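Please keep the sequence and the model side by side as you read.

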Amino acid sequence: MVAMKAKQLNTRNKLGKFSKRDYGKTIKLGGKTYDHVMIEAAKIATKGKGDGRVSRADARLICKAARPSSDGRSTYDATEKATMAYIRKTYKFTPAGDQAVRAFIASQAAKQAQRTKHKKAMK
C-alpha cells in the first residue's frame, strides 16, 4: 500500500510560478469579502482522492491559513471569522476534521483573549 502524500498550501502567481503567500489578501464571493488563503486551503483540502470531505489532516491546512504564526502576531479578525463560517457552510467535514478545527479555533481565541486582557491591564 502506498502512503498518501500530505497536501500542501501552495500559492502561484499569474504565470503559474510559486510565490509567497499573502495572508492579507482577500477575495469577493457573492458580494462579501473573504480571506483568500483560507478559501484556497479549503479547496485544496477537498480536492484529490477521497470523498470530498475535510478530514483531520486536511483541517490542519485550514487552521494554518487562519493562524499562520503561533506566537500571537496573527489575529483572528472579522474577515477570517466570516470566512470560517462560509467554509463550514459550504464544505463538508468529517466528524474528526470538524472537531479539530473547532478545538484549534477555540484554543487560539482563548489565547488571543488572554493577550488582549493582559494588554489592557498594562494601560
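Ala100 touches Arg56 and Ala59, leaving aside residues up to four places away in sequence; a contact here means heavy atoms within 4.5 Å. Ala100 is found in helix H4, and helices are DSSP runs of H or I with at least four residues, while strands are runs of E with at least two, both numbered from the N terminus. With a relative accessible area of 17%, Ala100 is buried; buried means under 20% relative accessible area, exposed over 50%, and partly exposed in between, using a 1.4 Å probe and protein chains only. Ala100 and Ser55 lie 45 residues apart in sequence, and their C-alpha atoms are 8.9 Å apart in space.

Before going further, a word on the source: this is a predicted model, in which local features need pLDDT of at least 70 and side-chain atom pairs count only at pLDDT 80 or more, whereas totals for chains, interfaces and linings use all residues. Residues are numbered from 1 along each chain as its sequence is written, and side-chain values use heavy atoms, with hydrogens and water left out.

Helix H2 (residues 56–66) and helix H4 (residues 95–122) pack at an angle of about 25°, with their axes 8 Å apart. The axes are lines fitted to C-alpha atoms, for helices over the stretch in contact, and the angles run from 0 to 180 degrees between N-to-C directions. H2 and H4 are therefore roughly parallel to each other, since angles under 35 degrees count as roughly parallel, over 145 as roughly antiparallel, 65 to 115 as roughly perpendicular and the rest as oblique. H2 passes H4 in a right-handed crossing; a crossing is right-handed if the near helix is turned clockwise from the far one by less than a right angle, and left-handed if anticlockwise.

Which residues make up this meeting of H2 and H4? From H2 come Arg56, Ala59, Cys63 and Ala66, and they meet Ala96, Gly97, Gln99, Ala100, Val101, Phe104 and Ile105 in H4. An α-helix has 3.6 residues a turn, so residues three or four places apart point the same way. The buried residues of H2 are Asp58, Ala59, Leu61, Ile62, Cys63, Ala65 and Ala66. They pack against S4, helix H1 (36–46), helix H3 (78–90) and H4.

Further along, Gln112 also has its place in helix H4. Gln112 touches Arg67, Thr75 and Tyr76, not counting residues up to four places away in sequence. The C-alpha atoms of Gln112 and Thr75 are separated by 7.3 Å, although these residues are 37 apart along the chain.

The next pair to find is H1 and H3, which pack at an angle of about 20° with their axes 9 Å apart. That makes H1 roughly parallel to H3, and their crossing is right-handed. Met38, Ile39 and Ala42 in H1 meet Glu80, Thr83, Met84, Tyr86 and Ile87 in H3. H1 is mostly covered, as 9 of its 11 residues are buried; among them are His36, Val37, Met38 and Ile39. The buried residues of H1 pack against S3, S4, H2 and H3.

From there, turn to the strands. Strand S3 (residues 26–29) and strand S4 (residues 32–35) pair in the antiparallel sense over 4 bridges, where pairing requires that DSSP finds at least two bridges between two strands. Lys28 stands opposite Thr33 in S4. The hairpin of S3 and S4 has 2 residues between the strands, and Gly30 there takes a positive phi near 65°.

Tyr23 has its place in the loop between strand S2 (18–19) and S3. Is Tyr23 buried or partly exposed? Its relative accessible area is 26%, so Tyr23 is partly exposed. Tyr23 touches Asp35, Val37, Lys64, Ala65 and Pro68, again not counting residues up to four places away in sequence. Tyr23 and Arg67 are 44 residues apart in sequence and 9.3 Å apart in space, C-alpha to C-alpha.

Finally, step back to the whole protein chain. The chain has 4 helices and 4 strands, in the order β-β-β-β-α-α-α-α along the sequence. Buried residues make up 30% of its 123 residues. Among contacts between residues at least 6 apart in sequence, 60% join residues at least 24 apart.
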